[in-house]
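Me: I would like to learn how to read salt bridges in a model. Could we go through them one at a time?

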Amino acid sequence: MSPEPLSPPEAKKLIRKILSTGFVTYAQPHAEDRMRQRKITTVDCVNVLRGGVVAEGELENGSWRYRVFTPRMCVVVRFESETELEVVTAWREK
């Protein structure tokens, strides 16, 4: 993986690669709790990751986080490796 932060196009390319050949995990308990509260499914998250727009990376708690958003939803991810990303949290846009 290139050194972070990745540019939005690089992050999008890596997200797509991981969705097709890698692993998506969900931060426990934070992401799973928030998704349950907000009635967001793992399928919703994958759809946002597939079709959404990636924002510039933000350094938070020692790791780079990337917001991926559509007009309806936002999913925040961080890369564990070239083959794994973790969903940190997700919410619906108002």
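This is a predicted model: local features need pLDDT of at least 70, side-chain atom pairs count only at pLDDT 80 or more; totals for chains, interfaces and linings use all residues.

Me: Which residue does Glu-58 meet in a salt bridge?

Reply: In general, side chains of opposite charge can pair when their charged atoms come close. Here the partner of Glu-58 is Arg-67, with an N to O distance of 3.4 Å. Arg-67 is also partly exposed, at 36% relative accessible area.

Me: How many salt bridges does a search of the whole structure find?

Reply: The search finds seven. One of them joins Arg-36 to Asp-33, with 3.2 Å between the closest N and O atoms.

Me: How are Arg-36 and Asp-33 placed in helix H2?

Reply: Both belong to helix H2, which covers residues 30–37. They are three residues apart, so about one helical turn separates them. Arg-36 is exposed, with 58% relative accessible area, whereas Asp-33 is partly exposed at 29%.

Me: What is the distance between the closest N and O atoms of Glu-80 and Arg-78?

Reply: The closest N and O atoms of this salt bridge are 3.0 Å apart. Glu-80 is partly exposed at 37% relative accessibility, and Arg-78 is partly exposed with a relative accessible area of 22%.

Me: Which residues are joined with Arg-78 into one network?

Reply: Glu-80 and Glu-86 are joined with Arg-78, through salt bridges that share partners.

Conventions
Residues are numbered from 1 along each chain as its sequence is written. Side-chain values use heavy atoms; hydrogens and water are left out. A salt bridge is a side-chain nitrogen of Lys or Arg within 4 Å of a carboxyl oxygen of Asp or Glu. Helices (H or I, at least four residues) and strands (E, at least two) are DSSP runs, numbered from the N terminus. Buried means under 20% relative accessible area, exposed over 50%, partly exposed in between (1.4 Å probe, protein chains only).
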